[in-house]
2 protein chains.
Amino acid sequence: MARLVAERADAIPLLAEAFREFGFEGASISRLCKRTGLGKGSLYHFFPGGKEEMAAAVLESVQHWFAGTIFQPLETLPPAEAVNGMIDAVADYFQSGRRICLVGAFALDGTRDRFAPALNGYFTQWHKALAIALQRAGLPPAEAESASLDTLVTIQGALVLSRALDSEQPFRAAMEQVRQRLSVAWRGP
Amino acid sequence: MARLVAERADAIPLLAEAFREFGFEGASISRLCKRTGLGKGSLYHFFPGGKEEMAAAVLESVQHWFAGTIFQPLETLPPAEAVNGMIDAVADYFQSGRRICLVGAFALDGTRDRFAPALNGYFTQWHKALAIALQRAGLPPAEAESASLDTLVTIQGALVLSRALDSEQPFRAAMEQVRQRLSVAWRGP
DNA sequence: TTATTCCTGTACCGATCGGTAAAATTTTTA
DNA sequence: TAAAAATTTTACCGATCGGTACAGGAATAA
């Protein structure tokens, strides 16, 4: 019994990497079998809903990780610490631009329509959490909201450009720019 | 003779929309047939290299359109005019965030490796052209380069967020922010 | 008008697609 | 240890995949 849960959970990060690499449409069941080391039967045993359930589980897991590691600290830790922690965690998670954001990637093609609520929720939660941190740091609500959105935009755009140019430089530069821009919240304009 | 060229060219925008909607992997030949109104025979007659040649032709056509409409004006027109023209053209082309950037989308999954030079070329040319305009407007080379890169990052990220949140608002806000940020080039800091 | 070239529709290929069924095996529970 | 449940293997399904072959129709050139 414990084994089922443990192994289903263990499959999720492997599925995530496969979806990252091939996209939702490009990730065929046979590829997902190879990546997870599970046969078709096992995979469908864990995810009776097939590929769609696998992707949903992956998105849920990503969202959960971000909620615990990034969103929640943004709402509770001292703002400067939380924001800088977010930037470090994001740079680490996305491997300085070499690893893509699954949520962002899903948003860019027809896959979006299948998972619209999950994609919306991920960015909405992030946006809200960051805006709260910036408000706590002293930014007026409107500025906090717009700086928060701008930050998410910059992160996602940096991932696109780092991938397209096959270089960590755009991502690294963007992250430092984000750090500077957000620091006005506690250092004043 | 003239008919062949004309119809092959006419197929490209239709193929482009199909690739935008389904992604490269999700765009099956039968879907591409439906969208273009061409049978398999005709499609393979125009693009003997199959789907890969179709996507390459689409990317080339996109690149060509941007070169003429955006990159070239950036290098020749008066800077302020060129930059504002770029922003307007981009907002129009991407339908205020409802239409994705094919190049950006291709960069985010395994499709990138097939078309790496095209993706790199598109962003590199854009980046250079914008940096040149900003330098001509009076920005020091280093600032021009970083402001140019930041602009492309913001545009791509805005497309991701507008799609994910299913709203034009993030894109519109980002474009106005870009307009403001770049105006320091000719208005001074 | 004839010959040639260009274009299209149809049928077909093997491979792979997502998904199912059930037997066989392992693991857990009693 | 025996029964029950969880898990994996294997074979298989119809549909669709990307791609090819080719015959016939349509336009163009001679």
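This is a predicted model: local features need pLDDT of at least 70, side-chain atom pairs count only at pLDDT 80 or more; totals for chains, interfaces and linings use all residues.
Student: Thanks! How many residues does the largest nonpolar core have?
Tutor: A nonpolar core is a set of buried Ala, Val, Leu, Ile, Met, Phe, Trp, Tyr and Cys residues joined through side-chain atoms within 4.5 Å. Buried means under 20% relative accessible area, exposed over 50%, and partly exposed in between, with a 1.4 Å probe and protein chains only. Those with the most contacts inside the largest core are A:Phe19, A:Trp126, B:Phe19 and B:Trp126, and the core has 140 residues.

Student: Is B:Arg112 buried or exposed?
Tutor: B:Arg112 lies in helix α7 (residues 111-114) of chain B; helices here are DSSP runs (H or I, at least four residues), numbered from the N terminus. The relative accessibility of B:Arg112 is 14%, so this residue counts as buried.

Student: Which side chain of chain A does the side chain of B:Arg112 join in a polar contact?
Tutor: A polar contact is a pair of N or O atoms within 3.5 Å; within protein, one must be able to donate a hydrogen and the other to accept it, and residues adjacent in sequence count only if both atoms are side-chain atoms. The polar contact of 3.5 Å is with the side chain of A:Asp166.

Student: How many salt bridges are there between chain B and chain A?
Tutor: A salt bridge is a side-chain nitrogen of Lys or Arg within 4 Å of a carboxyl oxygen of Asp or Glu. A:Arg112 forms one with B:Asp166, where the closest N and O atoms are 3.5 Å apart. Between chain B and chain A, the count is four.

Student: Which element gives the most to the side of chain B that touches chain A?
Tutor: Across this interface, 38 residues of chain B are in contact with 38 residues of chain A. The count of residue pairs in polar contact between the chains is twelve, both at pLDDT 80 or more. With 13 residues, the element giving the most to that side of chain B is α9(B).

Student: How many of the 24 residues of α9(B) are buried?
Tutor: This helix covers residues 141-164 of chain B and reaches 35 Å from its first C-alpha to its last. That is close to the 34 Å expected at 1.5 Å a residue, where the expected span is 1.5 Å times one less than the number of residues. α9(B) is mostly covered, and its buried residues number 19.

Student: What phi does B:Asp166 have?
Tutor: B:Asp166 lies in the loop between α9 and α10 of chain B, and counts as partly exposed because its relative accessibility is 47%. Most residues other than glycine have a negative phi. B:Asp166 is not a glycine, yet its phi is positive, about 50°.

How values were computed. Residues are numbered from 1 along each chain as its sequence is written. Chains are lettered from A and ligands numbered from 1 in the order in which they are written. Side-chain values use heavy atoms; hydrogens and water are left out. Helices (H or I, at least four residues) and strands (E, at least two) are DSSP runs, numbered from the N terminus. Contact means heavy atoms within 4.5 Å.
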